[in-house]
Amino acid sequence: MTTLRSIVFLLGAVAVTAVFGILVPLGGLFGVRTASWLAQLYTRILLKWVEWSLGITYEVQGWENVPPGPVVLMAKHQSAWETLFMEAKFPAQCWIVKKELLWLPFVGWGLIAIKCIAIDRSSGHSARDQIVEQGAERLKQGLWVSIFPEGTRVAPGKAGRYGIGGALLATRTGTPILPMAHNAGEYWGRYAFKKHAGRVKVVIGPVIATQGRDVIEVHNEVQSWIEGRMREISKERHAAA
């Protein structure tokens, strides 16, 4: 049954992605807001498809912590599920992504249309400068900037090395950080074809102030908050790690 569910999900996801992989770039011709609206519609449809075809639902704690203005959204990265959730449920966003993602048909075209910042993670200071410079521009435009500080998907119960780019952008611009933790990887493995039904637990915020603060201090606070919530959400996984 798990395999069948995963096949059904994949077929539907490919079809929807093919359609919106054309619509979102076309929307970009009318501005980033139009492209972002279409991208949000796409992820909302896929999130519902995930629920229907795979039986993966979710519960959220901390909606009251979401502020009205732009933030740097920093989240745990375990699977593709949280990408859908974040794009579907939060305001228009600019993503910090690996430049390799732009090469993907449909998905890459959409990322370009919503003005994502594509970086070469191996370039060090150059990548951080790009995040700060372009991220500041997006924030001025009223967009959120979303980043997975670990840079890649990490298995449940594990923690990757947190990059400093998001904290650097936030402190340089005085923008608050909205942290998010979740356990989506327990149901949607980072490279697994088979997904498993279950209820993802998501915890949001509260916002972390950055105005006038040291970047390392902010960086450590973000990591401490996210990993602290992960130990609460996934007690068994962390106990076994």
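Is serine 53 buried or exposed, and what is its relative accessible area? In this predicted model, serine 53 is buried, because its relative accessible area is 4%, which is under the 20% that marks a buried residue.

Serine 53 belongs to helix H2, and a polar atom of its side chain lies 2.6 Å from the backbone oxygen of tryptophan 49. When residues up to four places away in sequence are left out of the count, serine 53 touches Arg5, Val8 and Phe9.

In soluble globular proteins, nonpolar side chains tend to be buried together. The largest nonpolar core of this protein has 39 residues, of which Trp81, Met86, Phe90 and Met180 touch the most other members. Two or more residues of this core come from each of helices H1 (2–28), H2 (32–54), H3 (81–89) and H4 (107–113), and likewise from each of strands E2 (72–75), E3 (93–98), E6 and E7 (198–204). Helix H2, the element that holds serine 53, gives the largest share of this core, with eight residues.

**Confidence of the prediction**

Across the protein the mean pLDDT is 91, and 97% of the residues reach 70 or more. The elements with the lowest and the highest mean pLDDT are set out below.

| Element | Residues | Mean pLDDT |
|---|---|---|
| Helix H8 (lowest) | residues 235–240 | 70 |
| Strand E6 (highest) | residues 177–182 | 98 |

How values were computed: Residues numbered from 1 in each chain as written. Predicted model: local features only at pLDDT ≥ 70, side-chain atom pairs only at ≥ 80, totals over all residues. Heavy atoms only, no water. pLDDT = per-residue confidence, 0-100. Helix = DSSP H or I, 4+ residues; strand = E, 2+ residues; numbered from the N terminus. Core = buried A, V, L, I, M, F, W, Y, C linked by side-chain atoms within 4.5 Å. Buried < 20%, exposed > 50% of the residue type's maximum accessible area, 1.4 Å probe, protein only. Polar contact = N/O pair within 3.5 Å; in protein donor to acceptor, adjacent residues only side chain to side chain. Contact = heavy atoms within 4.5 Å.
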